[in-house]
Amino acid sequence: MAKILVVDDSASIRNMVAFTLKQASYETVEAVDGKDGLAKAQKEKFDLVITDVNMPVMDGITLCGNLRALPAFRFTPILILTTESSPEIKQRGKAAGATGWLVKPFNPDKLLATIKRVIR
Amino acid sequence: MSIDLSQFIPTFLEESYEGLELMESSLLNLEQGGEDTINAIFRAAHSIKGGAGTFGFNQVTDFTHEVETLLDEMRDGRRQVEQSSVNLLLKSVDCIRLLIDAAKDGQECSEPSIEENFTAIQALLKGESAEPVSAPTASEMSAQPDETSASQSNTWLIEFIPSHEIYKPAMMSYVFLAH
């Protein structure tokens, strides 16, 4: 089954996302900020990355750019899950290599539907 | 598939009360703190708003949204950090705490202080914006009109050189278009 990296500084959101993914039989690894996520991505391969934007140490957009610089993550789908929805920040995400954008409040069904569209 | 997330409410509550404590202590030390401090306060409010939305705590979401907007203007330099705003934010932390207390018991909060603070923040956001309203500079005029205010004080240099692989499977532009 596909393995998914979940990056969010909020434990409640991270736990909810991971729980939702496990219910749908995906394997998950959690990271608490962009730097932690990048370190985990450098150790193993993932089929999908789901990241928040606003995080301490390294934000989700910077993480996205850094992941795209890794050969193993050049084509890996990256979904951004955030409350931010301004065109300006979406544009930044897109330019940094994000595949898709999910606006909170977190909705499990919408997340799973989007994952099905980006994972093959 | 229908997934019940209510088991995560206790984690959200614990995180939110911690966030409110962090907001309070950081607001009291804002002058000494600098950029990291205001960013941490913003993130705490942002997380509370995000989680509250998931659990349908709409009163918490709506109130915290206004607080977050004010903090956003302060953190990216559009608004000067003034003692009056800090006082208002400190009172707002108390309000959010009351709202969360009510929400966890499945109730609406009808304390008059909530409405008073909400109105005060909205008035501050509407009336006293530090953003120049007229006479944009030449550099502002050259930017996209709808992005000017958001991007001018948070400058990003994004170098984006599309490669031949741009249209390969991971790049699904329709996913952006759908939201």
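Q: A crossing counts as left-handed if the near helix is turned anticlockwise from the far one by less than a right angle, and as right-handed if clockwise; which of the two is the crossing of H1(B) and H5(B)?
A: In this predicted model, helices H1(B) and H5(B) cross in the left-handed sense.

Q: Where are those two helices, and at what angle do they pack?
A: H1 covers residues 9–28 of chain B and H5 covers residues 83–104 of chain B, and the two pack at an angle of about 165° with their axes 10 Å apart. Angles over 145 degrees count as roughly antiparallel, and H1(B) and H5(B) are therefore roughly antiparallel to each other.

Q: Which residues meet there?
A: From H1(B), the residues are B:Leu13, B:Ser16, B:Leu20, B:Met23, B:Glu24 and B:Leu27, and they meet B:Val86, B:Leu89, B:Leu90, B:Val93, B:Ile96, B:Arg97, B:Ile100 and B:Lys104 of H5(B). Sorted by class, the contact of H1(B) with H5(B) holds ten nonpolar, one polar and three charged residues.

Q: And H1(B) against H3(B), what are the angle and the axis distance there?
A: H3 of chain B spans residues 35–54, and H1(B) packs with it at an angle of about 155°, with the axes 9 Å apart. These two helices are therefore also described as roughly antiparallel to each other, and H1(B) passes H3(B) in a left-handed crossing.

Q: Who makes that contact?
A: On the H1(B) side the residues include B:Phe12, B:Gly19, B:Met23 and B:Leu27, while on the H3(B) side they include B:Ala40, B:Ala44, B:Ile48 and B:Gly51. The residues of this contact of H1(B) with H3(B) divide into nine nonpolar, six polar and one charged.

Q: Staying in chain B, how do H4(B) and H6(B) cross?
A: The axes of H4(B), residues 58–75, and H6(B), residues 112–127, come within 10 Å and cross at roughly 35°, and H4(B) passes H6(B) in a left-handed crossing. B:Phe63, B:Glu66, B:Val67, B:Thr69 and B:Leu70 in H4(B) meet residues of H6(B) that include B:Ile114, B:Phe118, B:Ile121 and B:Leu125. This contact of H4(B) with H6(B) has eight nonpolar, two polar and one charged residues.

Q: Switching to chain A, what is the strand order in the sheet?
A: The sheet of chain A is open and is formed by five strands in the order S2-S1-S3-S4-S5, with parallel pairing. Its edge strands are S2 (27–31) and S5 of chain A, each of which pairs on one side only, and the twist averages 20° from one strand to the next.

Q: How many bridges between S1(A) and S3(A)?
A: S1(A), residues 3–7, pairs with S3(A), residues 48–51, in the parallel sense over four bridges, and A:Ile4 stands opposite A:Leu48 in S3(A).

Q: What about S4(A) and S5(A), which residue stands opposite A:Thr82?
A: S4(A), residues 78–82, and S5(A), residues 100–103, pair in the parallel sense over four bridges, and it is A:Val103 in S5(A) that stands opposite A:Thr82.

Definitions and conventions. Residues are numbered from 1 along each chain as its sequence is written. Chains are lettered from A and ligands numbered from 1 in the order in which they are written. This is a predicted model: local features need pLDDT of at least 70, side-chain atom pairs count only at pLDDT 80 or more; totals for chains, interfaces and linings use all residues. Axes are lines fitted to C-alpha atoms, for helices over the stretch in contact, and angles run from 0 to 180 degrees between N-to-C directions. A crossing is left-handed if the near helix is turned anticlockwise from the far one by less than a right angle, and right-handed if clockwise. Two residues are in contact if their C-beta atoms, placed from the backbone, lie within 7 Å. Ala, Val, Leu, Ile, Met, Phe, Trp, Tyr, Cys and Pro count as nonpolar, Asp, Glu, Lys and Arg as charged, and the others, Gly among them, as polar. Angles under 35 degrees count as roughly parallel, over 145 as roughly antiparallel, 65 to 115 as roughly perpendicular and the rest as oblique. Two strands pair if DSSP finds at least two bridges between them.
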